[in-house]
Amino acid sequence: MMDAVIPPVINDPVALARSLFPKRPQTFTDNRVPVMACADNMEFLRGIPDDHFKLVVTSPPYNLGKDYESRTPLDDYLAQQAAVIAECVRTLHPQGSICWQVGNYVSNGEIMPLDTLTYPIFRRLGLKLRNRIIWHFGHGLHCKRRLSGRYETINWWTASDDYTWHLDPIRVPSKYPGKRHFKGPNLGKLSGNPKGKNPTDVWEFPNVKSNHPEKTGHPCQFPVELVERLVLSMTDEGDAVLDPYMGVGSAVIAALMHNRDAYGCDTVQEYVTIAERRVEAWRNGELKTRPMGKPIYNPDLPKGGH
Ligand SMILES: C[S@@+](CC[C@H](N)C(=O)[O-])C[C@H]1O[C@@H](n2cnc3c(N)ncnc32)[C@H](O)[C@@H]1O
């Protein structure tokens, strides 16, 4: 006999997406206070005990000469990165993860992918690469002598084989949620997981450009929803999360939203002040963030599919 359980027909992928994602608390349910400082990350990390962070998630400068960095020879840049990464590893919990989000270093039109250049640093420190996540986004510079770049990578490293990992909170809607096996011992049963599918290692989130609700004066912010996916899958409530290149605190906010302890530092006071204001706005329920699970704007659909 066939299993008679019929799942609801899902006509509304947006509603399904919303139902899949954990609701963010609208106000702080406890008194978690983030530790944020205007400081060089090597100094900041010196004050942190070993084995502390369950997740280090960050996007370092790419040595491109942006407002917040001065361009240095590539070898010097990589040596600085190695020192910071070693401190992150020292402070990483044995079941912890490091997510290092980078793009390309560019010199005279030649690109050098920073994830491949930093790969040996992490390997030498004994970490294991679990995924090289491609973050695809829609907006950026239009190149004339090569293809315009529309992705960056997040290398997900773990301290050991015994790492914290939860797939269910980050599942996304299945393409065919009601699809059933049409033969074999599972005939008639749902072929996919009713909780949604694995989001895979290719992620699409809008990057934070001028019309993004999270845009501040910082030139390269993380979308909060991107960090939320990492926080929810790689940590438990109460765990500690660090961004050693915090910028305007997007990772801090994502951690606080899900009741994790948040730590971050940045050398630019203006960014730290914005981060503090954003945390305050979040506390007051006034911070605008793009919700997890919101579909990408599609000009072919009514209201862009939103
Ligand atoms: C790519 S941005 C990170 C932005 C961040 N993900 C956000 O959402 O706002 C890199 C940041 O690293 C900061 N930075 C550069 N060198 C640093 C250092 N030695 N210690 C701490 N922060 C540093 C810069 O000021 C800049 O804000």
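Start by selecting Phe137: skipping neighbours within four places in sequence, this residue is in contact with Arg150, Phe205, Pro206 and Asn207 (contact means C-beta atoms, placed from the backbone, within 7 Å). You're looking at a predicted model, where local features need pLDDT of at least 70, side-chain atom pairs count only at pLDDT 80 or more, and totals for chains, interfaces and linings use all residues. Numbering runs from 1 along each chain as its sequence is written.

Phe137 sits in the loop between β6 (128-136) and β7 (151-158); strands here are DSSP runs of E, at least two residues, and helices are runs of H or I, at least four, numbered from the N terminus.

Next, select helix α3 (residues 74-90) and helix α4 (residues 114-124), whose axes come within 10 Å and cross at roughly 40° (axes are lines fitted to C-alpha atoms over the stretch in contact, with angles from 0 to 180 degrees between N-to-C directions). That makes α3 oblique to α4; oblique is what remains after under 35 degrees (roughly parallel), over 145 (roughly antiparallel) and 65 to 115 (roughly perpendicular). Show Leu78, Gln81, Ala82 and Ile85 of α3 with Leu117, Thr118, Ile121 and Phe122 of α4, and you have the contact.

Last stop: select Val227, then Val57, Phe222, Ser250, Ala251 and Ala254, its contacts beyond four places in sequence.

Note on methods
Two residues are in contact if their C-beta atoms, placed from the backbone, lie within 7 Å.
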